[in-house]
Amino acid sequence: MKRILASVTDGKGFDIGLVLLPLAFLFIMSGLPLVYNVVMSFQEVDMFSLGSFVRPFVGFKNYVDLFSQPETRPILLNTALFVSSSIAGQFLIGFGLALFFWMNFPGASWLRGLFLVSWVMPGLVVGAIWNWILSGDFGVLNFLLRETGVIEGNIFWRSDPNYSLWAVIIANIWLGTSFNMILLSVGLSGIPKDLYEAAELDGANALQRFFTITLPMMRSTIGAIIALGLIFTLQQFDLFAGITSGGPNNSSNVTQYWAWDLSFRQYDFAKGATISVIMIVFVMLASVVYVRSTRHEVRG
Amino acid sequence: MTLQIELNGVNKYYGAFHALKDINLAIEKGTFVALVGPSGCGKSTLLRSLAGLEKISTGEMKIAGQLMNNVPPRKRDVAMVFQSYALYPHMTVEENLTYSLRIRGVKKAEARKAAEEVAATTGLSHLMKRYPRELSGGQRQRVAMSRAIIRHPKAFLFDEPLSNLDAALRVHMRKEIRALHDRLHATSVYVTHDQIEAMTMADHVVVMRDGVIEQQGRPLDLYDRPANRFVAGFIGSPAMNFIPAVVGEDGTHVLLNLGTTQARLALADPLAPGRAVTAGIRPEHIRIVAAGQGAFDVPVGVVESTGSATYITSATQPELTVVETGRGDVRGGDIIGLSIDTMQLHLFDAETGKRLEAERARGDAGAPRHLHLAQAVR
């Protein structure tokens, strides 16, 4: 007993304790619900069996049912479009801004900090703001597009099935760009200045320096940010709740919103869990990419 | 000889800070020039201006006869070896070497051949596939130099390239860089804060302080006839002794003031009587004799021996350092006599620090042999 106590106060026991504590926390708060979710996707769940863990096992029936539903395919495609467009928009604009502020003109860091405002705002607030901007009859976006001659008639962004998903994508790009910019700025400032001087003396012009020095040196940062982008956009729920609620007629519905809708509005918990499991697979893949790219940093 | 680098009245300001003050410099093709001075003296700024990484404020700068003031670095055709080496970490040694060629659109096979040729001369052939992080400091240094050599530039610029190496490797690379220069006959400008590097490697040494060229010339000329007190104290190791002194009443001798001790030395050429001067004498030009036999006697403070030489510091104000080859039998607390060769005495104006050229016939038989020994052991 004494030896165990001594080991806890100043030995291996202390180290193990330090590891066990967060592990236990992680397991209880994240691990168990995850397992519960996976188990639920293989069970028949209804309102009455919700309270018990022991429920009839149905194998892959929930998965088969899910994929036989007519809305599954469009929603999966919507999700793919939402994720890829959001990441592309956030990354490209974020990288552009990061490069812009990297030039370090007077007030650059101050202005860059201001950009973070969009990131610290709650998704529902952002959704409300974009509701006004995107509004069909009196929205600012329509006004601008109309006055510049891009469009002739008003676009009803949120209620037109052709545009509803893009309404959320635009808001999401606005929301996530500054986060991309900050991470990319950090990556840029980590590139030693003398590399650019050496490349300049070696005869490289600005474009060549960007492609031969900046991009390769940013590889790990870019990998990390795209993986994080995938994770964050798959988590994006507030904007859908705030702007389109997945409608009209599922035209802007995505898996993460659909899972919630199935579980908590249609009380089909098994299908909700099934969709979540499919999403877990994608998020896990993204996490692997993220961990790998942060580990393989190329630095002097 | 043709001039490869010309600077006429070059000034550089950073806002209100005057970094380079009216720099005039003419470097002949094929010479090895060292810019030396304490940190913040402007030597790196001058080098970076040559590279085009800093823009000069006024004056004109020519490389190979062409005005370079507004030419961007990539069009100047100069190569630079950075203190940090600045190797491209995401490229192998071979890719690092061929970078400049690939940028210029040289064919891949041709670039590889050029890289192999250079690598063979710098001993990198077996490391071509390695990344910089897998190399030792000395190997990285070689890659940095090879990257410059492969371009056959109009001038090589070195920015303290040896300061990240350990002492033994530094001495070795010093010789290697000089040998390389002799082989390529390239014009080189070498920035260092280490006067020994400047003295041993360069054909022409430029001593700078506070943005001003204090003196330039051949290394031993600077050593034998420093233009002012700063250069005198900067060049040579251990540093020259400086003693406050006054010219005697008849102007033919000088009185050295060592606190409790006074010494009287004859002047080869007369100076204005009563003039306040600073006398400078190199440690290797003072001989230790028995007490009462020399110009004056001093008590011994500290004795340090490196085995090949002995450094004796006197317990006077100011301290005097004497270097003796071999191992003396002097101990701390002894009273010794010092004999000074008046031909080797340097006199500087006490206020301006300028060298007083009492035009006497200096028997410059060169510095004694043991000087080199003293430098080598440092």
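**Close-up 1. Packing of helices α12 and α15 in chain A of a predicted model.** In this view, S220(A), G223(A), A224(A), A227(A), L228(A), L230(A), I231(A) and L234(A) of α12(A) meet M279(A), F282(A), V283(A), A286(A), S287(A), V289(A), Y290(A), S293(A) and T294(A) of α15(A); two residues are in contact if their C-beta atoms, placed from the backbone, lie within 7 Å. The residues of this contact divide into 12 nonpolar, 5 polar and no charged (Ala, Val, Leu, Ile, Met, Phe, Trp, Tyr, Cys and Pro count as nonpolar, Asp, Glu, Lys and Arg as charged, and the others, Gly among them, as polar). Helices (H or I, at least four residues) and strands (E, at least two) are DSSP runs, numbered from the N terminus. The axes of α12 (residues 219-235) and α15 (residues 269-295) of chain A come within 8 Å and cross at roughly 160°; axes are lines fitted to C-alpha atoms, for helices over the stretch in contact, with angles from 0 to 180 degrees between N-to-C directions. α12(A) and α15(A) are therefore roughly antiparallel, a term for angles over 145 degrees.

Residues are numbered from 1 along each chain as its sequence is written, while chains are lettered from A and ligands numbered from 1 in the order in which they are written. As the model is predicted, local features need pLDDT of at least 70 and side-chain atom pairs count only at pLDDT 80 or more, whereas totals for chains, interfaces and linings use all residues.

**Close-up 2. The contact between chain A and chain B.** Chain A contributes 17 residues and chain B 18 residues. On the side of chain A that touches chain B, α10 (193-201) and α11 (206-217) each supply at least two residues. α10(A) gives the most, with 6 residues.

**Close-up 3. The two domains of chain B.** Chain B is divided into domain 1 (3-232) and domain 2 (236-376), with bounds from an automatic or database domain assignment. The contact between them joins 10 residues of domain 1 to 14 residues of domain 2. On the domain 1 side, α8(B) gives the most, with 3 residues, and the residues of that side comprise 6 nonpolar, 2 polar and 2 charged.

**Close-up 4. An open sheet in chain B.** Four strands, in the order β2-β1-β4-β5, form this sheet with antiparallel pairing; two strands pair if DSSP finds at least two bridges between them. The edge strands are β2 (17-28) and β5 (66-67) of chain B, each pairing on one side only. Helix α1 (residues 43-51) of chain B packs on the sheet, where this helix touches β1 (3-14), β2 and β4 of chain B.

Key: Angles under 35 degrees count as roughly parallel, over 145 as roughly antiparallel, 65 to 115 as roughly perpendicular and the rest as oblique.
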